Amino acid sequence: RGLGDVYKRQGFTMQEVVDRLAEEYDWSDSVSNLSAKLQRESIRYKEVVELADVLDCDIVWVKRGERR
């Protein structure tokens, strides 16, 4: 599973995610820009944090072997 799957599980379209990112974090309003970042795996950690925020998700660091 990749980052792209998260928005689908949350019930958002890619356009809705891009619109939220553009409004809240001044991202480009281009779906192709976000899609390319996800496909190229070139998204920065700061962008992942912002993406998680607009999807109402938390990023959780769990020590290996201690997964729930």
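1. Which residues does Glu47 touch, not counting residues up to four places away in sequence? Glu47 touches Trp27, Lys37 and Ser42, where contact means heavy atoms within 4.5 Å. The residue is found in helix α4 (residues 45–54); helices are DSSP runs of H or I with at least four residues, numbered from the N terminus.

2. This is a predicted model, in which local features need pLDDT of at least 70 and side-chain atom pairs count only at pLDDT 80 or more, while totals for chains, interfaces and linings use all residues. Residues are numbered from 1 along each chain as its sequence is written, and side-chain values use heavy atoms, with hydrogens and water left out.

3. The whole structure has two salt bridges (a side-chain nitrogen of Lys or Arg within 4 Å of a carboxyl oxygen of Asp or Glu). One joins the side chains of Lys37 and Glu47 at 2.6 Å, N to O. This pair links distant parts of the chain, with Lys37 in helix α3 (residues 31–40) and Glu47 in helix α4, 10 residues apart. Glu47 is buried at 10% relative accessible area (buried means under 20%, exposed over 50%, partly exposed in between, with a 1.4 Å probe and protein chains only).

4. Lys46 forms a salt bridge with Glu50, with the closest N and O atoms 2.9 Å apart. Because they are four residues apart in helix α4, about one helical turn separates Lys46 and Glu50. Lys46 is exposed at 57% relative accessible area, whereas Glu50 is buried at 9%.

5. Asp19 is found in helix α2 and is partly exposed, at 38% relative accessibility.

Notes: Helix = DSSP H or I, 4+ residues; strand = E, 2+ residues; numbered from the N terminus.
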